[in-house]
Number of protein chains: 2
Amino acid sequence: MSTINFYAGPAILAKEVLEEAKQGIENFAGMGLSILEISHRSKQFVEVLDEARARVRSLLNLPTEYDVLFLTGGASSQFYMTAMNLLNENDKAGYINTGAWSTKAIKEAKLFGTIDEVASSKDKNFSYVPKGYEIDPSYRYLHFTSNNTIYGTQFKSLPTTDVRLIADMSSDIFSRPIDVRRYDIIYAGAQKNLGPSGTTLVIVKKDILNKVNRQIPSMLNYQTHIDKGSSFNTPPVYAIYVSLLSLRWLENNGGIQGLQKRNEEKAALLYNEIDRNPLFEGTAAVEDRSLMNVCFLPKNEAHTSVFIEKAAQAGCVGIGGHRSVGGFRASIYNAMPKAGVQALVDVMQEFEKENA
Amino acid sequence: MSTINFYAGPAILAKEVLEEAKQGIENFAGMGLSILEISHRSKQFVEVLDEARARVRSLLNLPTEYDVLFLTGGASSQFYMTAMNLLNENDKAGYINTGAWSTKAIKEAKLFGTIDEVASSKDKNFSYVPKGYEIDPSYRYLHFTSNNTIYGTQFKSLPTTDVRLIADMSSDIFSRPIDVRRYDIIYAGAQKNLGPSGTTLVIVKKDILNKVNRQIPSMLNYQTHIDKGSSFNTPPVYAIYVSLLSLRWLENNGGIQGLQKRNEEKAALLYNEIDRNPLFEGTAAVEDRSLMNVCFLPKNEAHTSVFIEKAAQAGCVGIGGHRSVGGFRASIYNAMPKAGVQALVDVMQEFEKENA
């Protein structure tokens, strides 16, 4: 029996990606050395980095005015770097609060400008995406978290505004098309839809930089990394390499369009079962349900640990819900095959029979 | 013929470390999952992180008042984080300038306080370590780079002062004993003596924190990472795991004392050949020669590319010197076996015969 990985992140990688990732440890690009011990200035790694950046460009149809960076420090570092690079002390920015990560982004941004929480779904434990709020057109930018891993909600359309957008897409990057031109910055920790932990993808519109007064340490200035092609300092070589393998896999599996279709099918399969099966119920507002993180509860609370155990026996691991929501969470990112979701649905149906 | 890795960083890892690193990609700790796709909150990874921190403690005999962090962003991030966390705007700190990395550390620290360059070896292209300078006892700290990768110099004794020390030990951590109690902070990018690129070891004396007035983003405050045991955000799981494998290997190969002895033997073997062989000469002041990065020049400049080619044919790769010094640089970090150094010495002797 194989293990099916439903963890929320670090998360499932495709079998083909892992196979190549392993070979690179032994002998990379015929160098007779492991990729873990080669110079980041070697021709072979420069090619990896160039190809990774080019593939992000082509997968997202990035216009030339955007640059692609592979940094470190996760989305947690982007929470302050975005504001630090874009806001003068008297500038205002709007933030939509859809959960724990948005809340952290707001907290860190407040060190650098005036931050308005324009909308929040905190009143219902972040189980929906706010709608119908006003956006001050003077905001330097509007920040939102496109997919909320903990609560299983996802923005299905962009906020109605002409204000420039910044989005944390850590948990749904590459899962669906993006209207890139509306964004100043898109960032994503790699460890959900892109690769292993250890690198952060940042897409930045170049002409927005160098407009704030404060002095910014070199490592925290996006311009530094643009100028040096993500190699101002030693980049996280292996995390970038595995991300490249994943980007190749994305392209070979239908690209963004193909993945979107498959992601919709996978999510429909699981949500249909949740809605049909009398033992379970979804937690997120139906119209805001995430295609990436499917959160659901047992109708009988005593079933929580029993079902997690039963799922684990069938090879489905990582389905415990986040403590702030409880119940179950199945993370079905890009790399999750439809058969993996079907296996979980099978467990749910067996569980129904046993508890009829 | 096997390839012998003399790159300056990312650098050689022990064969045993690479073998285990590869196995973790396939199936980690019997989980049926790759270490690249497991949660950083899983019991299995928490054990990795705990063991890595404990091994650093025991290898360096760290007193309890110090904490061990595994961060990201390299030494380049520590250049500003150290000053940001320790200096108020009116505080002064002293820096010893022994090369490119010290120069960068000075530049970044200047954003946060008054920085005095107390000594520099720039007058002779950083080919020696300054001595006999005055250190203002009012400095909040004195910063130095213990080993200078580019120029092949290394501090053989600590500066004579009661001022607290901060050191960038990226290229000689774990290569010799350290008098830890004299330091407030020790930091090291992993990719030379510890592991692959992607994580940075930081050893910090806990009572020095929370004494500056400025507001610091959570990710940049050492206190955050101490409070959360290096898991405030998703840590670079694999880079930390491979570093742990390396720490185990260090312990199994004589610990710091055993490595120091071996490092001294390896360096003596190579420096003796440089001094004996009429075709070569060392670049660093003899008393400051690094045990980690051995820099040397051909007496006949036309020999540079010929010798690099000849060495490569014998499997010795990565021996080209940094452009600011030229010639050759053999990086012989902890993981370099004595036989690797002997192989290079053999090439030098053959080269001598051919060019007699």
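In the predicted model, Gly94(A) has Asp116(A) as its bridge partner in strand 4 of chain A. This bridge belongs to a parallel pairing of strand 3 with strand 4 (residues 114–120) of chain A, which extends over six bridges.

Strand 3 and strand 5 (residues 142–145) of chain A run parallel and are joined by two bridges. Strand 3 of chain A (residues 92–97) is largely enclosed by the rest of the structure, because five of its six residues are buried.

The arrangement of the two chains was examined next. Chain A is superposed on chain B by a rotation of 180° with 0.0 Å of shift along the axis, at an RMSD of 0.0 Å. The two copies are therefore related as by a two-fold rotation axis. Both copies use the same surface, since 100% of the contact residues of chain A recur in chain B.

In the interface, 49 residues of chain A are in contact with 49 residues of chain B. On the side of chain A that touches chain B, at least two residues each are supplied by helix 1 (15–26), helix 3 (74–86) and helix 6 (237–252) of chain A. Helix 1 of chain A provides the largest share of this side, namely five residues. By residue class, the side of chain A that touches chain B comprises 23 nonpolar, 22 polar and four charged residues.

Definitions and conventions:
Residues numbered from 1 in each chain as written. Chains lettered and ligands numbered in written order. Predicted model: local features only at pLDDT ≥ 70, side-chain atom pairs only at ≥ 80, totals over all residues. Least-squares fit on C-alpha atoms with pLDDT ≥ 70 in both. Contact = placed C-beta atoms within 7 Å. Helix = DSSP H or I, 4+ residues; strand = E, 2+ residues; numbered from the N terminus. Nonpolar A, V, L, I, M, F, W, Y, C, P; charged D, E, K, R; others polar. Buried ≥ 20, exposed ≤ 12 C-beta atoms within 10 Å, placed from the backbone. Pairing = 2+ DSSP bridges.
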